[in-house]
Amino acid sequence: MRAYTHTARGPPSLTLNPTTLPNPTLSSPTQLLVRTTHCALNPGASIVMQLLPFIFRARPAVPEMDFAGTVECTGSSVTDMPPGTPVFGSIPVGQHVRSTSGALAGSIVVERDAVVRVPGTVALSEAAGVGIAGSTALACVTAAKVKRGDAVLVNGAAGGIGHLVLQMCLEKVGASGRVVGVCSGRNTSWVRELERGSSTDNAVGSLRVIDREAEPLVPRLVRDYGAERFDVVIDAAGIQEVYQSCPGFLKEGKPYVTVGPRLGRYTYAGMLGMLGTTAKNVLWPRILGGTPRPYVQVAAAASLETLEELAGMMERGALRVHVGTLVDWEDVMKVSDFAWWVCTLLNLDRHTRSFLADMLVVRLSLLLANRILLRMRNERVGSEYSSHRLVRIIS
Ligand SMILES: NC(=O)c1ccc[n+]([C@@H]2O[C@H](COP(=O)([O-])OP(=O)(O)OC[C@H]3O[C@@H](n4cnc5c(N)ncnc54)[C@H](OP(=O)(O)O)[C@@H]3O)[C@@H](O)[C@H]2O)c1
């Protein structure tokens, strides 16, 4: 089967190689073999690819965990998924790290409880973006205890996680509630459309979408919502400034639920900074200047239960998945970052790229160059991976 593999940690452009691997085979009666059609590129999986040293993982590694495809064959105990069944799911992180098992490959072997059937009305490309993003969205909405009549702010509403959170909240708050979503200007129109598709009945809340780039976000939130503050804020982008200012627009005692601080740089320093920010937000007492609102950070993993719940939501039309970008197999590296262009221009071979990936000075220069390039293209920094950026594996 074809697969992208890597044997060193680092940015995809320096470490990934298109290659051919032996077809995986079933090793237990509870497993099934899925022929993958689509794979979602997730920020979380990118952290594993870029930061987890190879002493802790199988070599070679295949990146990514979320996928959709069709069942090829099953073990004898799997009786409800005949060959040809369209499925989506997520490779558990333990299996992903300990074996050469990743979603950026032509076939995957997983346990039966790692996949669910794709509802008839849903495209495989859409279902592929649901695994981790959908499970995290569900965890956010559950932790926030969103209820009928609530006023909810969703920051990062155009993200792979955020646009699912937004739809779940619209349904939960019902006709008497309201949801305000924050995203960049280029995403406002399709995010607005989610109001219509968010439920099969009309009992959804009203939606207002704010362009975070039109004017400084925090003063705007304080001005527009300072008097009648929100019952819940769900931050699916993890923006620290929004948390620190939330008493201006979030009611006293109400939770600030978040996916965790945004990782600006895929480096150990960036990771440490992120952990430090989380610790400060959770532990720093109010009397010493801590933000006086509970900081609730979710940690989600896809399970059979959550995948089934998400499939049910899609089936009854309560959840639509937005496919932001769909790239072909050959173009995987192009979506990654600036370094890809350098390697292509210089015609660097695999070994040179792996060697470069291990050099700190090269990694830092590439990060800087990538940052400048993204700024020039007016794209957000660190945007190269998103759960609604998908790879089409079989056209
Ligand atoms: N806690 C967990 O269990 C868990 C699980 C998975 C992922 N995560 C984390 O969750 C985050 C989001 O993941 P994702 O898959 O949804 O990523 P994503 O698809 O890239 O979405 C992030 C969104 O944030 C928005 N954004 C970027 N910069 C922003 C800013 N300065 N202010 C406000 N919004 C900004 C972007 O939309 P606009 O440009 O339109 O605003 C983008 O769509 C990542 O940091 C990821 O590591 C956490």
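Predicted model: local features only at pLDDT ≥ 70, side-chain atom pairs only at ≥ 80, totals over all residues.

Reader: What makes up the secondary structure of the protein?

Author: The protein has 14 helices and 15 strands. Helices (H or I, at least four residues) and strands (E, at least two) are DSSP runs, numbered from the N terminus.

Reader: Why are α5 and α6 called oblique to each other?

Author: The axes of α5 (residues 131–144) and α6 (residues 162–173) cross at roughly 40° and come within 9 Å. Axes are lines fitted to C-alpha atoms, for helices over the stretch in contact, and angles run from 0 to 180 degrees between N-to-C directions. Angles under 35 degrees count as roughly parallel, over 145 as roughly antiparallel, 65 to 115 as roughly perpendicular and the rest as oblique. The pair α5 and α6 is therefore oblique.

Reader: Which residues make the contact between α5 and α6?

Author: From α5 come Ala133, Gly134, Ala137, Cys140 and Val141, and from α6 come Leu164, Val165, Met168, Cys169 and Lys172. Two residues are in contact if their C-beta atoms, placed from the backbone, lie within 7 Å.

Reader: Why is Glu64 called buried?

Author: Glu64 has 29 C-beta neighbours inside 10 Å and therefore counts as buried. The rule is that a residue is buried if 20 or more other C-beta atoms lie within 10 Å of its own, exposed if 12 or fewer, and partly exposed in between. Glu64 is placed in the loop between α2 and β4, and its phi is near 80°, a positive value in a residue other than glycine. Pro60 is found in the loop between α2 (43–51) and β4 (66–74), and the peptide bond from Arg59 to Pro60 is cis, with omega near 0°.

Reader: How do you know whether Lys145 is buried, exposed or partly exposed?

Author: Lys145 has 14 other C-beta atoms within 10 Å, so Lys145 is partly exposed. Lys145 lies in the loop between α5 and β8 (151–155), and its phi is near 50°, again positive in a residue other than glycine.

Reader: What makes the span of α10 agree with expectation?

Author: The expected span of a helix is 1.5 Å times one less than its number of residues. For the 16 residues of α10 (residues 268–283) this should be 22 Å, and the end C-alpha atoms are 22 Å apart, which agrees. The number of buried residues in α10 is one, so α10 lies largely in the open.

Terms used. Residues numbered from 1 in each chain as written.
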